[in-house]
Each structure stands twice: as C-alpha cells, then as structure tokens.
Amino acid sequence: MAINLVTKFLPYVDELFSTESKKSLLTNQDFDWTGAHTVKVYKIGTSEMTNYNRNPVAGFTGSRYGTIKDLDATTEEFTLKNDRSFTFAIDKLDTDETAQQLAAASALARQQREVVIPEVDTYVYGVMAEGAGTKPAAVALSETNIYDEILKATAALDNAEVPETGRVLVVAPDVYLLMKRCGDITMETDIGNDMRLRGVVSNLDGANVLKIPASRLPKDFGFMLAHPCATVAPTKLEDYKIHVDPPGISGDLVEGRIVYDAFVLDNKVKAIYYQAKAAAATK
C-alpha cells in the first residue's frame, strides 16, 4: 500500500547570522561632504624653537626672535570612491505563495544586514589597517605574548601623544580567546549597557575592546589599537526604495544605493597601531 506523506512549509525563514556594524566607535564624521564630492583640509606647519638674541652684535638688523619664515600650509584631498548599488524584484505571486515570507520590506532589511553593512565594515577596517602609522612585522600571537604585544601598541600611541581617552582595541574572536586565556590580562567587564549595545565586550588598560568577526577583517589580522580621531568614515548617501507595481513588474522592485568611503588623516596616522598575525610555528 502506497502512502503519500505530508510535506509542510512553515511561515519561517532560516536567516543567516549577522552582526551589527561597530565602526562608529572607531571612526568619526568630522567632515561634511554635503554639496561636494571631494573635500580638502589644510595641514599647517609650525616654527622651530630657537634662542632669543638678547644682546645682538652691532649692526644686527634681523629679528631678535630668530629667522622669520613662512609657515607651510598644504592640503590633503579626500574624494569619495565607493558608489555602490543593488536591485531585485519580488513577484506578487511569489509573495503570496511563500506565506508572505518573500516580502520586499523584510528582503530589503536582510540585504542591508547581510550584504551592505558587512561590505562597508570590511572596507573601513581594511583602510585603517593599510593606513596605520605603526605596523610592526607580523608575529605569531599566543596567550603568553598577547599582552606584551598589546602593551607595545599602547606605548606607541602614548609616545605619539595620542589621547588616552577613547582608544579602541579591535580583535578577532580567536585573538580575544588568547586574551581571555592570558594570565597577565585582567579585563574590566563591567561595561555600561549603552556601550555593550555598540559592541564593546570589555575594557583593557583604558581601551574599549571590540570583538569583530574575522570575515570582516583583513587577512592575518592580529589586533588594532586606534583612536577614532584618525579615521573619517563618511556615508554621503544611503538611499533605499521599494516601488510597488512599477512599469513592467507585477510586484515590488527594490533598489538601494550607498556612497561611502574611509580616510586616514596624514597627521593622525600614529593614532592607529596595526599588528598582523603570523602563522604559528609548527613543531
């Protein structure tokens, strides 16, 4: 006797895991691109200290304060390079016959969560790592040396007179595991709820610790200690639309566009310390 078993479809979508963006703690929005595609900012030089000439010789005609020189006033230019977009259509019957699971609004939110945000984050972290002012040779990180390497980063920023308040330590989950196993590291985990919502998992030596998925970080990423003053990460345009029954489509047409970039300021490169991770030695 043949028996036809029932196949049942539930109104549920097996969503991919995805984390929210955490780049706002690492970057700033100090510059305004409104009405412009390129922004230029000045870099102003300084004057060297010298000895005041209190008793000039006879016939001296210069300045007792020293030789007068003009200050340098150069510019650095930031042009937005990433103008990205996407589009897809959802047929009206596809929405009806998938128990409303294939719907434009939820599909757009999924696109932002699983595609747009990861792309922007990956780009920004890559720009910061590439533009870091201090990039020592790659080392094989372990639970015995991880704290020493982080202390080197802290010392580098201290010597560059980078502000101590607001520093952020970025690590991938495997490096965070090394930190947890290191007996010399005592991390402050009593973090305010507002900071936890922004992705901060702990505090080490005054720096907020951000744990970022390895898929959004450069290859061989060890850790990065940075101050947000160093990196400008503008999003000039973020435009998402759902067109209902547009010409030629019985259903919804979804379109999205985002214009973004990231720039490390020339005079603040020392506010980023990037440590690449070398492969562990095999025995």
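A: A salt bridge is counted when a side-chain nitrogen of Lys or Arg lies within 4 Å of a carboxyl oxygen of Asp or Glu. Side chains of opposite charge can pair when their charged atoms come close. Here aspartate 158 and arginine 167 form such a bridge, with their closest N and O atoms 2.8 Å apart.

Q: Before we go on, what kind of model is this, and how are its residues numbered?
A: This is a predicted model, in which local features need pLDDT of at least 70 and side-chain atom pairs count only at pLDDT 80 or more, while totals for chains, interfaces and linings use all residues. Residues are numbered from 1 along each chain as its sequence is written, and side-chain values use heavy atoms, with hydrogens and water left out.

Q: Is arginine 167 buried or exposed?
A: Buried means under 20% relative accessible area, exposed means over 50%, and partly exposed lies in between (1.4 Å probe, protein chains only). Arginine 167, at 6% relative accessibility, is buried, whereas aspartate 158 is partly exposed at 36%. Over the chain of 283 residues, buried residues make up 36%.

Q: How many salt bridges does the structure hold, and which parts of the chain does the pair of glutamate 77 and lysine 40 tie together?
A: Helices (H or I, at least four residues) and strands (E, at least two) are DSSP runs numbered from the N terminus, and the chain has five helices and 12 strands. The structure holds 12 salt bridges, among them that of glutamate 77 with lysine 40, whose closest N and O atoms are 3.5 Å apart. Glutamate 77 belongs to strand E2 (residues 73-79) and lysine 40 to strand E1 (residues 38-44), so this pair ties together parts 37 residues apart in sequence. Glutamate 77 is partly exposed at 48%, and lysine 40 is exposed at 54%.

Another salt bridge joins lysine 43 and aspartate 266, at 3.0 Å from N to O. That pair links distant parts of the chain, since lysine 43 sits in strand E1 and aspartate 266 in the loop between strand E11 (263-264) and strand E12 (272-276), 223 residues apart.

Q: Which residues have the most contacts inside the largest nonpolar core?
A: A nonpolar core is a set of buried Ala, Val, Leu, Ile, Met, Phe, Trp, Tyr and Cys residues joined through side-chain atoms within 4.5 Å. The largest one has 58 residues, and Ile146, Leu169, Met179, Leu204 and Phe223 have the most contacts inside it. Its largest share, nine residues, comes from H2. With contact meaning heavy atoms within 4.5 Å, methionine 179 touches residues including Ile150, Val171, Ile185 and Met187, where residues up to four places away in sequence are not counted.
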